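Thanks for coming, everyone. I have one structure to walk through today. Let me put it on the screen.

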Amino acid sequence: MKTKEEEIENIFKEIGFDSNWINSKKGRKGLLNDLKLLYKQEETKDFKIIYEENENEKEIKVHKLILIIRSELFKGMFLSVNDSSNQVHDYSGKSFETLNQLIYFFYHDEFNERKEINSKIIKEFEDVKDYFQLNQNSIIDLISFPKIK
């Protein structure tokens, strides 16, 4: 007798999905793969973090849901305030590079190797968990210092 999972897998195979696709969608690996794809989907990002430095503005686009899941600060901001704004100005005092790495980390559970990880960013990550009130899973991941991709 087949398990429920085997039955579902057979249905996917019957409608044309291959085993590699099916295996990529199982468990945490599947969710992480989906989050990595979501990170690349600029058109679906519904929120901006505005970073100001020397009268220049830079923005980081992100999904509100990702911020809610990963940061108690943003969760409280979105759920307790009746504000339909789709952007916030960053007042954390962290560098733009650190904020970019943090958002990348929220989607990937690792840092982006294409961006330079320097001592300034590492030092800023020591207290970023407190400022952004990262949830317990994010804190554990940051404390064990994320692997550099």
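We begin at the loop between strand 1 and strand 2, where Glu55 lies. One thing to keep in mind throughout: this is a predicted model.

Stay with Glu55 for a moment. Its phi is near 65°, a positive value in a residue other than glycine. Is Glu55 buried or exposed? Glu55 is exposed, because its relative accessible area is 82%, and the cut-off for exposed is over 50%.

Now look at Asn54. Asn54 is found in the loop between strand 1, residues 47-53, and strand 2, residues 56-62. Asn54 also has a positive phi, near 50°, and is a residue other than glycine. The hairpin of strand 1 and strand 2 has 2 residues between the strands. Asn54 has a relative accessible area of 69%, so Asn54 counts as exposed.

Let me step back to the whole chain. How many helices and strands does the secondary structure come to? The count is 8 helices and 3 strands. Read along the sequence, the order is α-α-α-β-β-α-α-β-α-α-α. The chain has 149 residues, and buried residues make up 34% of them. Next, the contacts between residues at least 6 apart in sequence. Of these, 62% join residues at least 24 apart. The accessible surface comes to about 9900 Å². Carbon and sulfur atoms account for 51% of that surface.

On to the strands. In which sense do strand 1 and strand 2 pair? They are antiparallel, with 7 bridges. Strand 1 also has a link to strand 3, residues 87-89. Those two run parallel, joined by 3 bridges.

Pick out Ile49 on your screens. What is its bridge partner in strand 2? That partner is Ile60. In strand 3, Val88 is the residue opposite Ile49.

Next topic: charged pairs. Side chains of opposite charge can pair when their charged atoms come close. How many salt bridges does the structure hold? It holds 2.

Take Lys48 and Glu59. They form a salt bridge, and their closest N and O atoms are 3.8 Å apart. This pair links distant parts of the chain, with Lys48 in strand 1 and Glu59 in strand 2, 11 residues apart. Lys48 counts as partly exposed, because its relative accessibility is 26%. Glu59 is at 39% relative accessibility, so Glu59 counts as partly exposed too.

Then there is Lys45 with Glu42. Their side chains meet in a salt bridge at 3.0 Å, N to O. Is Lys45 buried or exposed? Lys45 is buried, because its relative accessible area is 12% and buried means under 20%. Glu42 is at 41% relative accessibility, so Glu42 counts as partly exposed.

One last stop: Thr98. Thr98 is found in helix 6, which covers residues 96-108. Thr98 counts as buried, because its relative accessibility is 1%. Which side chain does the side chain of Thr98 make a polar contact with? It is the side chain of Ser95, at 2.9 Å.

We saw strand 1 joined to strand 3 by 3 bridges. And we saw 2 salt bridges. That is my tour, and I am happy to go back to any part of it.

Technical notes. Residues are numbered from 1 along each chain as its sequence is written. This is a predicted model: local features need pLDDT of at least 70, side-chain atom pairs count only at pLDDT 80 or more; totals for chains, interfaces and linings use all residues. Side-chain values use heavy atoms; hydrogens and water are left out. Helices (H or I, at least four residues) and strands (E, at least two) are DSSP runs, numbered from the N terminus. Buried means under 20% relative accessible area, exposed over 50%, partly exposed in between (1.4 Å probe, protein chains only). A polar contact is a pair of N or O atoms within 3.5 Å; within protein, one must be able to donate a hydrogen and the other to accept it, and residues adjacent in sequence count only if both atoms are side-chain atoms. Contact means heavy atoms within 4.5 Å. Accessible areas come from the Shrake-Rupley method with a 1.4 Å probe; for residues, only the protein chains shown count as cover. A salt bridge is a side-chain nitrogen of Lys or Arg within 4 Å of a carboxyl oxygen of Asp or Glu. Two strands pair if DSSP finds at least two bridges between them.
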